[in-house]
Amino acid sequence: MDLHHPILREFPDDRETIKRLKASDERFRKMFEEYHQLDDAIYRIEEEIEFASDQEMEEMKKRRAWLKDQIYHAIRHPSIALAAAIMQAQQQPQRAVATP
């Protein structure tokens, strides 16, 4: 059983939105980073690489779940400017890079 829960695996259809949010929204980027730090810490505890009390583990899991909910909301409701940029990028054909 895989104990890691990375956001990109949790929301595979939203990779482009996640990438744009990470690049343009500092609050989102911080939540994304904290989520992955918690996920790694929880994994290390579950694999008995590191130790924590049951209460600490429960608090970490609750925080991770809360962050996941916040990240999901941000993905589903990006700012209007970001949404417009995403729509424009999706409508434009991929351009080949010319090499000299």
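Colleague: Before we start, what counts as a pocket here?
Modeller: A pocket is an open set of grid points with protein on both sides within 12 Å along at least five of seven lines. Bear in mind that this is a predicted model.

Colleague: OK, what volume does the largest pocket have?
Modeller: The largest pocket comes to about 160 Å³. Its lining has 13 residues, and the closest to the centre are Leu-21, Asp-25, Arg-27, Ala-74 and His-77.

Colleague: Which helices supply the lining?
Modeller: α2 (15–24), α3 and α4 each give at least two residues to the lining of the largest pocket.

Colleague: And how does that lining split by class?
Modeller: Six nonpolar, five polar and two charged residues.

Colleague: Switching to packing. How do α3 and α4 cross?
Modeller: Helix α3 (residues 26–46) and helix α4 (residues 54–76) have axes that come within 9 Å, crossing at roughly 145°. The crossing is left-handed.

Colleague: Which residues make that contact?
Modeller: From α3 they include Phe-28, Met-31, Phe-32, Tyr-35, Leu-38 and Ile-42, and from α4 they include Met-57, Met-60, Leu-67, Ile-71 and Ala-74. By class, the contact of α3 with α4 has 14 nonpolar residues, one polar and eight charged.

Colleague: New topic: how many salt bridges?
Modeller: The count comes to eight salt bridges. One of them pairs Glu-10 with Lys-68, with the closest N and O atoms 2.4 Å apart.

Colleague: What does the pair of Glu-10 and Lys-68 tie together?
Modeller: Glu-10 lies in helix α1 (residues 7–10) and Lys-68 in helix α4, so the pair ties together parts that are 58 residues apart in sequence.

Conventions: Residues numbered from 1 in each chain as written. Predicted model: local features only at pLDDT ≥ 70, side-chain atom pairs only at ≥ 80, totals over all residues. Heavy atoms only, no water. Axes fitted to C-alpha atoms, helices over the stretch in contact; angles between N-to-C directions. Helix = DSSP H or I, 4+ residues; strand = E, 2+ residues; numbered from the N terminus. Left-handed = near helix turned anticlockwise from the far one by under 90°. Contact = heavy atoms within 4.5 Å. Nonpolar A, V, L, I, M, F, W, Y, C, P; charged D, E, K, R; others polar. 1 Å grid on protein atoms, 1.4 Å probe; cavity = no way out; pocket = protein on both sides within 12 Å on 5 of 7 lines; lining within 4 Å. Points joined across faces, edges and corners; volume = space filled by probe spheres on them. Salt bridge = Lys/Arg side-chain N within 4 Å of Asp/Glu carboxyl O.
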